[in-house]
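Hi,

Here is the structure I promised to pass on.

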Amino acid sequence: MTEAITIIGGGLAGCEAAWQAAKRGVRVILHEMKPHGYSPAHQMPGLAELVCSNSLRGESLENAVGLLKEELRRAGSLLMAAADATRVPAGGALAVDREIFSAWVTERIENHPLIDLVRGEVADIPPEGIVVVASGPLTSDGLAERIRALTGPNLYFYDAIAPIVTAESLDMTRVFRASRYGKGDGDDYLNCPLGLEEYERFVDEILAAEKVAARDFEKVVHFEGCMPVEEMAERGRETLRFGPLKPVGLADPRTGEEPHAVVQLRAENREGTMYNLVGFQTKLTYPEQRRIFRMIPGLENAEFVRLGSMHRNTFINAPALLAPTFQLKGDSRILFAGQITGVEGYVESAGSGFLAGINAARLVRGNEPVVPPPATALGALVTHITNADVKHFQPMNVNYGLFPPLEGKVKKKERRGRLAERALAELDRWIGIL
Ligand SMILES: Cc1cc2nc3c(=O)[nH]c(=O)nc-3n(C[C@H](O)[C@H](O)[C@H](O)COP(=O)(O)OP(=O)(O)OC[C@H]3O[C@@H](n4cnc5c(N)ncnc54)[C@H](O)[C@@H]3O)c2cc1C
């Protein structure tokens, strides 16, 4: 009998990882601290608890999370089977009855002959054997300290996410390329110039906008260099102009002058298909973000692939620390899975658990770990967490901006369908060799 793998955390990633490893004939010891200890957001004793919304988001392949679900279904995911078996009507989304969903998964895990479920908090990472850390965005404090011993400063306790827009949705006649004082490559940033009146109106709207209230356990967050944009506006009408909207060193080549204020956009990926709004981490509600940020010159028709947010969230700087196989570069017997790797969302967490579980099983059996094809949704997630900019890494939902571009010219309205078609064809080939 091969040795057992240890999985820490019976959430979405941990359960999927345990199932995939056990399905491949490997014994699993799955540790879950509930019901002996609860994070500030968990309430149910069962496994795979959905802590907030009961929706696993859109079903359509026009949406990258719809594609990710379809890939996981085809590849034999436990959590997708649970979701399909416990769904409730939700229009174009896949929503579930969270209690039945958790009970369904718990029953399968508890009854699997190769999985030992151990209830109780894990205080340290076992010194030997293959370990998958899937303790989630609210990892217990003691374990987080032990993780920090492995990661050093590359472990974070909250995310401060600025919105991201697609490059193709920008009005390039209104923005100009430049870096402050021509530093770096000189044209690393796209700059959206605001005149005095545009700036004043923008500040008014931000001050009046609806904000998301922080939950009690999120109020302890120290924002330091990551203050929300609306909090800066509240400190004074000029604060933004001396902060993220600072125009100095950014002369507009069309006028030769520095605008009154400038919103800078920085490339989010190497292909330059997505840009983030620099310094725009925010707790404005999603509809308010769409409305107000589209007032920025050049962003009138912006397509947002991610909106801003600020949450308590334990995650590692995956591009600095993880190999595409989810193994820690510094200690390859330790794998990470779930939200702690910097994927964002229920389905994304399950997807990373799926891959980490397969690789943990392969390692125990002495096989090479695998990486999904980059053109699949699973592969796009891997690319994000291992290839993103180490200095600005923030968690991300799956989205079509993360996929390698299609070859040749493709009409915009056909693009997503073609990306999904290509992904599923590659996925089918890949699962054939797993
Ligand atoms: C407040 C909040 C709301 C969210 N809302 C949504 C949403 O609406 N939609 C969405 O798609 N995503 C949401 N997310 C993001 C994310 O999708 C979920 O957190 C998801 O559950 C992450 O899956 P996971 O497996 O990584 O972690 P979890 O599902 O949290 O699983 C981790 C498990 O590890 C256990 N654990 C922790 N520490 C230890 C330890 N030391 N020993 C043993 N067990 C331990 C926990 O009890 C938990 O069961 C939210 C996150 C948070 C924090």
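This is a predicted model: local features need pLDDT of at least 70, side-chain atom pairs count only at pLDDT 80 or more; totals for chains, interfaces and linings use all residues.

Residues are numbered from 1 along each chain as its sequence is written, and side-chain values use heavy atoms, with hydrogens and water left out.

**The ligand**

There are 32 residues around the ligand, and those that come nearest are Ala 13, Glu 32, Ser 140, Gln 339 and Gly 345 (a residue is near if one of its heavy atoms lies within 4 Å). By class, this shell has 13 nonpolar, 15 polar and four charged residues. Here Ala, Val, Leu, Ile, Met, Phe, Trp, Tyr, Cys and Pro count as nonpolar, Asp, Glu, Lys and Arg as charged, and the others, Gly among them, as polar. H1, E2 and H10 each supply at least two residues of the shell; helices (H or I, at least four residues) and strands (E, at least two) are DSSP runs, numbered from the N terminus.

A backbone N or O atom of Ser 53 lies 3.1 Å from a ligand oxygen, and one of Gly 345 lies 3.2 Å from a ligand oxygen. Val 122 has a polar backbone atom 2.9 Å from a nitrogen of the ligand. The protein covers 94% of the 970 Å² of accessible area that the ligand has on its own (Shrake-Rupley method, 1.4 Å probe).

**Helix H1**

How does the span of H1 (residues 12-23) compare with what its 12 residues should give? At 1.5 Å a residue they should span 16 Å, and the end C-alpha atoms are 17 Å apart, which agrees; the expected span is 1.5 Å times one less than the number of residues.

H1 is largely enclosed by the rest of the structure, because 11 of its 12 residues are buried (under 20% relative accessible area, with exposed over 50% and partly exposed in between; 1.4 Å probe, protein chains only). Trp 19 and Glu 16 are among the buried ones. Their cover includes strands E1 (5-8), E2 (28-32) and E6 (115-119), along with helices H3 (78-85), H4 and H10 (346-364). After H1 comes Gly 25, with a positive phi near 85 degrees.

**Helix H2**

Eight of the 11 residues of H2 (residues 64-74) are buried, so this helix too is largely enclosed by the rest of the structure. Lys 69 and Glu 71 are among those buried residues. What covers them includes E3 (55-58), H3, E5 (93-96), H10, H11 (377-387) and H12 (412-433). Just after H2, Gly 76 has a positive phi of about 85 degrees.

Val 105 sits in H4 (residues 98-111) and is buried, with a relative accessible area of 0%.

Ser 102, also found in H4, is buried at 2%. Leaving out residues up to four places away, Ser 102 touches Met 44, Gly 46, Leu 47 and Ala 48.

Ser 352 belongs to H10 and is buried at 2%. Setting aside neighbours within four places, Ser 352 is in contact with Phe 326, Ala 337, Gly 338, Thr 341 and Val 343.

Cheers

Key:
Contact means heavy atoms within 4.5 Å. A polar contact is a pair of N or O atoms within 3.5 Å; within protein, one must be able to donate a hydrogen and the other to accept it, and residues adjacent in sequence count only if both atoms are side-chain atoms.
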